[in-house]
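Dear colleague,

I am handing over the structure below, together with notes on what was found in it. Please read the notes with the structure open beside you.

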Amino acid sequence: MDKISTNIKNKDFTFNTKNYNILIIEDSKSINKILNVTFSKLGYNCYSAYTLEDGKSIINDIKIDYIMLDVNLPDGSGYELIKSLSNSHEKIFVLTNETDKQFKEVAYQKGIIDFIEKDKAFFNKISQIPNSIEQLEKNITKTILVIDDSFVVREQISDTFTNRNYNVKAVSGTKQALDYMDDNKVDLILLDVELENENGIDFLLKQKINIIDKLRIPVLIVSGFVDSNITREALKAGAKDVIKKPYVIEEIVSKVDMWIDYKRKDDEIKETEQLLQEYKNTVDRSAIVSKTNPKGQITYINQKFCDISGYTKDELIGRSHNIVRHPDMEKEAFENLWYTIQVLKKPWFGKVKNKKKDGTAYWVDTVINPILDDKNRIIEYIAIRTDITDMVNPRKTLLDKISHSKAPFLMIAKIADWDVLKEFYGEKVIEDIEEKFGNCIMNFLPDNCIFEKVYKLDNGEFAFFKDFEKYDDKLAPKIEERLKEFQSNIKKDIIDFGIGKFNINVIVSFGLEKDDLFESVELGLQKAIADKKSILFANGISKRAKTKAKNNLKTINMIKTAVETNNIISYFQPIIDNKTQEVTKYESLVRLVNEDGSIISPYFFIDMSKKCAYYSQITNIVIDNTFNALRYTDKQISLNLSALDIENVEIRNKLINLISIPENYGRLMFELLEDEVIHDFRQIKDFIDFAKVVGGVTIAIDDFGAGYSNFERILDFKPDILKIDGSLIKNIATDKFSLDVVETIIAFAKKQNIKITAEFVECKEIFDILQKLEIDFSQGYYFGKPQKKMER
């Protein structure tokens with residue numbers, strides 16, 4: 001009767017050490033501990049016993065998967081446990097000083113997995129046990145087919161390998177074996193030579209194409225008689241090895257494990273090869289591929305390369321890629337390419353303009369990868385390209401047309417609220433809208449507006465070009481009227497995109513100039529969107545942008561030079577007590593000393609410093625200047641701080657350290673600037689509260705009544721002083737609205753017990769009004785300009 005083991009085959013098996021319980025029965029505490037630590041570190045659940053009875057007790061209470069068993073225990077022989085567990089699920093590794101082969105053979109028959117001898121290599125052997133356990137658990141996915149006409153042999157082999165978690169199918173004849181292989185995957189065959197009606201080697205020779213070549217199953221021949229002739233014939237038939245009966249269990253187990261592992265690796269290689277072939281097929285279907293030898297000669301090209309270039313394979317193989325090189329591509333680009341892949345041996349990425357066989361151009365987005373051997377030598381190069389002609393050409397074509405025209409006109413129309421539409425409808429819908437609108441946009445042009453074609457620029461943008469041959473003064477107004485009509489035609493129409501009907505509006509930017517036309521119209525479109533205009537004449541915008549960029553660069557260089565040469569300084573402006581008209585404090589104000597010695601106000605450089613990473617350096621310098629100035633006056637000094645300053649952890653820590661110095665206690669006022677967007681309000685509030693406690697710092701809200709300031713912010717920051725914005729104070733004598741706002745702020749501040757400072761006090765008339773309003777402090781040119789020195 002045929003026999004099949006009850007192990008369940010599971011191709012999706014995942015090995016996880018946390019799922020297994022290991023019992024260590026070893027009376028040596030040191031060895032027991034070493035084993036426990038070894039397995040525990042790998043995630044196994046470990047239990048220790050030092051006697052046979054303790055081990056039995058744990059087995060009765062807990063489901064144990066693997067046992068590390070010392071056969072010589074204080075209260076008995078481990079062999080007793082081996083016998084009692086011979087028909088159970090537990091797998092046993094024997095730890096022993098014995099080398100008795102007969103004992104090992106008997107023990108193997110009782111289901112022992114392995115013997116670990118306590119010799120010099122003992123600890124090295126221990127480290128291999130986890131690998132053995134993992135392999136044993138993975139055996140559940142492997143099937144052994146046993147072909148032997150002896151019922152006893154089939155039973156013995158089935159028991160041996162079922163104990164090792166293999167799925168075992170045992171049959172008595174070759175017909176049953178072939179039937180089983182038709183429907184099941186087999187990983188190894190144990191084939192007896194002396195079958196009842198057939199010679200096993202003859203059977204293997206007949207089935208060699210199927211079993212060995214096609215299914216690639218390792219076959220081990222088992223024979224009661226082995227000589228050189230049988231071995232030679234078995235190997236010729238495709239067998240991997242010959243095992244003599246009666247076999248030693250340790251030998252057959254070792255060889256089966258070895259060839260099962262070989263089959264596993266062979267299957268993995270085959271699967272990898274199949275996967276790589278699928279990858280290659282996928283790439284060949286979607287990309288333009290070529291390979292070259294180290295000399296740059298083409299050794300392989302796919303059909304897409306032939307399709308786009310116009311050359312046949314025969315015309316390309318053996319040639320260099322110079323055959324498709326376009327003269328517009330600069331020599332330096334290819335020098336960089338070869339340096340990257342040949343010298344650095346790294347992939348090169350870039351866009352390349354190539355030339356077809358008929359002379360026309362095409363663009364490809366390219367990656368070229370050097371393939372290296374194990375000694376880091378280049379074997380070949382593989383290049384994968386994507387055709388991007390449709391993406392690259394519109395802009396390139398327009399630039400080319402502009403450069404070769406006499407009086408170029410360019411208009412770019414963009415679907416209004418493009419980003420909002422994209423977010424609302426999603427990528428796929430918006431792509432359909434863009435595609436279909438691009439196909440019908442020419443229909444909305446007025447009858448007397450004739451353009452050759454529409455250029456699709458992506459992101460909902462469409463361009464139109466025309467060469468007027470010459471310009472005249474009336475051309476721009478006429479064009480603007482036509483373009484407004486074009487916009488109106490689109491707005492009045494309801495366009496059916498198949499997925500729904502939409503009202504589309506477009507924003508238009510246009511230009512009539514030879515130089516920088518494309519850049520001006522693009523910038524004009526951005527400006528129209530920012531300024532919420534539907535149409536914008538963009539002449540000169542690019543030139544103005546370049547001028548602005550040039551001035552910004554000058555400002556950056558000025559800041560850089562000033563920082564590096566210690567020419568960021570502080571001026572100090574007095575703040576007056578309105579009752580006594582005495583100086584009570586000074587405000588520290590940053591200035592920049594230019595190379596020509598002129599003093600530059602922060603208005604001209606502070607915003608730019610935030611964009612070029614010099615802002616924090618300037619803040620640090622001003623902090624140093626301010627705290628140094630405390631030594632030269634007994635008055636309080638006010639220091640301006642932005643949200644950007646306080647959110648900088650280094651600046652926060654520096655300020656806390658400085659105000660914590662005893663002699664600085666109560667000497668500082670922090671003016672919180674209201675021109676910043678606060679990212680972390682809690683962080684700023686915590687800093688203010690801490691500064692008040694440790695440094696006796698006074699808190700002022702600067703420019704109150706303008707910017708982002710509001711009454712809610714006051715309640716949050718709990719300031720000591722409000723500094724009313726100068727735009728209100730300087731007009732207070734002539735503008736009733738300014739006076740009303742100031743009076744409102746004063747009334748609120750008095751109820752909250754907050755002091756008031758008025759800025760921009762420039763004359764006696766303003767000061768007299770402030771006194772009548774009972775404002776506490778004044779600051780402005782009427783009392784003193786910002787100066788380097790302060791009164792003591």
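**The parallel sheet**

Five strands form an open sheet in the order S3-S2-S4-S7-S8, and their pairing is parallel (strands are DSSP runs of E with at least two residues, helices are runs of H or I with at least four, both numbered from the N terminus; two strands pair if DSSP finds at least two bridges between them). At the edges stand strand S3 (45–49) and strand S8 (112–117), each with a single partner strand, so one side of each is left without a neighbour in the sheet. From one strand to the next, the twist averages 15° (axes are lines fitted to C-alpha atoms, for helices over the stretch in contact, and angles run from 0 to 180 degrees between N-to-C directions).

Before going further, please note that this is a predicted model, in which local features need pLDDT of at least 70 and side-chain atom pairs count only at pLDDT 80 or more, whereas totals for chains, interfaces and linings use all residues. Residues are numbered from 1 along each chain as its sequence is written, and side-chain values use heavy atoms, with hydrogens and water left out.

Strand S7 (residues 91–96) runs parallel to S8 and is joined to it by five bridges, and the bridge partner of Thr96 in S8 is Glu117. Helix H1 (residues 29–41) lies across strand S2 (21–25), S3, strand S4 (66–70) and S7, and runs at about 170° to S3. Helix H2 (residues 52–61) also packs on the sheet, where it touches S2, S3 and S4 (contact means heavy atoms within 4.5 Å), and its direction makes about 145° with that of S3.

**The mixed sheet**

A further open sheet has five strands in the order S20-S21-S19-S24-S25, with mixed pairing. Strand S20 (455–458) and strand S25 (535–537) are at its edges, and each has a single partner strand, so one side of each is left without a neighbour in the sheet. The twist here averages 20° from one strand to the next. Strand S24 (residues 506–511) pairs with S25 in the parallel sense over three bridges, and Ser509 stands opposite Leu536 in S25.

Helix H16 (residues 418–425) packs against helix H17 (residues 427–440) at an angle of about 130°, with the axes 6 Å apart. H16 and H17 are therefore oblique to each other (angles under 35 degrees count as roughly parallel, over 145 as roughly antiparallel, 65 to 115 as roughly perpendicular and the rest as oblique). On the H16 side the contact is made by Trp418, Leu421, Lys422 and Tyr425, and on the H17 side by Glu427, Val429, Ile430 and Glu434.

Ser542 lies in helix H20 (residues 541–564) and, at 3% relative accessibility, counts as buried (buried means under 20% relative accessible area, exposed over 50% and partly exposed in between, with a 1.4 Å probe and protein chains only). Leaving aside residues up to four places away in sequence, Ser542 touches Asp516, Glu519, Ser520 and Leu523.

Tyr614, in the loop between helix H21 (606–611) and helix H22 (615–629), is likewise buried, with a relative accessible area of 15%. Tyr614 and Ile556 are 58 residues apart in sequence, yet 8.8 Å apart in space, C-alpha to C-alpha.

**Aromatic rings**

The search of the whole structure finds 21 aromatic pairs (rings of Phe, Tyr and Trp, the last by its six-membered ring, pair if their centres lie within 6.5 Å, and planes under 30 degrees apart count as stacked, over 60 as edge-to-face and the rest as tilted). The rings of Phe670 and Phe687 have centres 6.0 Å apart and planes at 10°, so this pair is stacked. Both Phe670 and Phe687 are buried. For Tyr782 and Phe783 the ring centres are 4.9 Å apart and the planes at 75°, so that pair is edge-to-face. Ring pairs also link Phe409, Phe451, Phe464, Phe468, Phe486, Phe510 and Phe537 into a cluster.
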